[in-house]
Amino acid sequence: MEYIIIIISAIFVSNIVLAQFLGICPFLGVSGKVSTSVGMSGAVLFVMTIATIVTWLIETYILEPFGITFLQTISFILVIASLVQMVEIILKKISPPLYQALGIFLPLITTNCAVLGVALLTVSRGYNLMEGVVFAVASALGFGLAMLLFAGIREHLDLMDVPKGMRGVPIALVTAGILALAFMGFIGLV
Amino acid sequence: MDQWKNFSKGFIKDNPVFVLLLGLCPTLAVTSSAINGLGMGLATTFVLVCSNMVVSLIKNLIPDKVRIPSFIVIIASFVTIVELIMEGFAPTLFEALGIFIPLIVVNCIVLGRAEGFASKQSFISSLIDGLGMGLGFAFALTLLGAVREALGNGSIFGYKFIEGDAILVFILSPGGFIVLGYLIALLNRIKKTT
């Protein structure tokens, strides 16, 4: 039951992009087409889950016992950066088709604040490892859902006659705002 | 003259938020009030100035291959300093900004300036560039925060000028997207006429 609450709240109620404002850069940057947004979401799902597991282990078994939690920020970002590189290398060897699909998105993920954000949230909310994994997967799915919806809308938006000053980023932001408004309807679900 | 250009470009011409569209996550997340926006802006300015200075000083000592990780370590150290200082001296602001203080590390502006500017330029230019960009970021955040606070709460910097309820949605998440969208559109319009 607890897991279901975590899943629903991470995907709908406090959606990582639309309610928590994490990962806005890729949300606006690569949401021009549905196909690229699917690839990006897959890469985020992959990295976010692994990163959350590794950073949780580091926090619990290294930083806390030695009383050096002030090194959290530095150690987490280094771990995530090297993890992304490692995932890239391993994926290239083990599963070339998956690498083909996710490859170009992986380097971008290091600077995706959603990954570091979810790792920090998992630790600060005091989740155990299983809850952390569920939370990470659900957050990534929420990211994917928001990306897909947004990409679908933007593909249609390209064909619309938008006022000159609003073209490009402004209309995209306003659209995201309306999407966020729709997601607010889920408040009260949990 | 050149230094003045380095300093002033961050405000309008190359404003990190309105023009370059960098660092949007903290921009949208913390600007539910003007004071939060200002606090976040100044914290980022501090990190930006310090990391720019250090990077420009040691740019010749860092091997090219490991430069990005080294930059990240430098930035993360200063972010940790800001975190500790804020927790000690401004606990309410620290609470309000929450997770977005450690997330300054992954703010694209900071790494972008370190890689794109400080790693090639002199110490003084990098310092001024960091200051200009940081203050431009703070300016954008404060403006966005002020508009959202005025519409959503009827107050600016906590000073209430409308009694009773205002349009609450502007403080909530959708308002952030919508206000930023219209501010950028407005800026586009201003830039075209001048």
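Two residues are in contact here if their C-beta atoms, placed from the backbone, lie within 7 Å. With that criterion, 31 residues of chain A are in contact with 33 residues of chain B.

Before I continue, a word on the source. This is a predicted model, in which local features need pLDDT of at least 70 and side-chain atom pairs count only at pLDDT 80 or more, while totals for chains, interfaces and linings use all residues. Residues are numbered from 1 along each chain as its sequence is written, and chains are lettered from A in the order in which they are written.

Let me begin with the side of chain A that touches chain B. Helix 2 (24–29), helix 4, helix 7 (113–124) and helix 9 (169–184) of chain A each supply at least two of its residues; helices are DSSP runs of H or I, at least four residues in length, numbered from the N terminus. Helix 9 of chain A gives the most to this side, with 10 residues. By class, the side of chain A that touches chain B has 26 nonpolar, 5 polar and no charged residues. In this scheme Ala, Val, Leu, Ile, Met, Phe, Trp, Tyr, Cys and Pro count as nonpolar, Asp, Glu, Lys and Arg as charged, and the others, Gly among them, as polar.

Next, helix 4 of chain A itself. This helix covers residues 72–94, which is 23 residues, and reaches 31 Å from its first C-alpha to its last. That is close to the 33 Å expected at 1.5 Å a residue, the expected span being 1.5 Å times one less than the number of residues. Its buried residues are A:Gln72, A:Thr73, A:Phe76, A:Ile77, A:Ile80, A:Ala81, A:Val84 and A:Leu91. A residue is buried if 20 or more other C-beta atoms lie within 10 Å of its own, exposed if 12 or fewer, and partly exposed in between.

I turn to helix 1 of chain A, residues 2–13, where A:Ile6, A:Ser9, A:Ala10 and A:Ile11 are buried. What covers these buried residues includes helix 8 (129–157) of chain A. A:Phe135 lies in helix 8 of chain A and touches A:Ile6, A:Ala10, A:Thr122 and A:Tyr127, not counting residues up to four places away in sequence. Why does A:Phe135 count as buried? Because 23 other C-beta atoms lie within 10 Å.

Two loop residues deserve mention. A:Phe21, in the loop between helix 1 and helix 2 of chain A, has a phi near 60°, a positive value in a residue other than glycine. B:Leu21, in the loop between helix 1 (2–8) and helix 2 (24–30) of chain B, has a positive phi near 55°. A:Phe21 is buried, with 26 other C-beta atoms within 10 Å, and B:Leu21 is buried with 20.

Finally, chain B. The axes of helix 6 (residues 108–118) and helix 7 (residues 123–153) of chain B come within 11 Å and cross at roughly 150°. That makes helix 6 of chain B roughly antiparallel to helix 7 of chain B, a term for angles over 145 degrees. Axes are lines fitted to C-alpha atoms, for helices over the stretch in contact, and angles run from 0 to 180 degrees between N-to-C directions. The residues of this contact divide into 5 nonpolar, 2 polar and 2 charged. Helix 3 (residues 34–57) of chain B packs against helix 7 of chain B at about 165°, with their axes 8 Å apart; these two helices are therefore roughly antiparallel.

Note on methods
Parallel < 35°, antiparallel > 145°, perpendicular 65-115°, else oblique.
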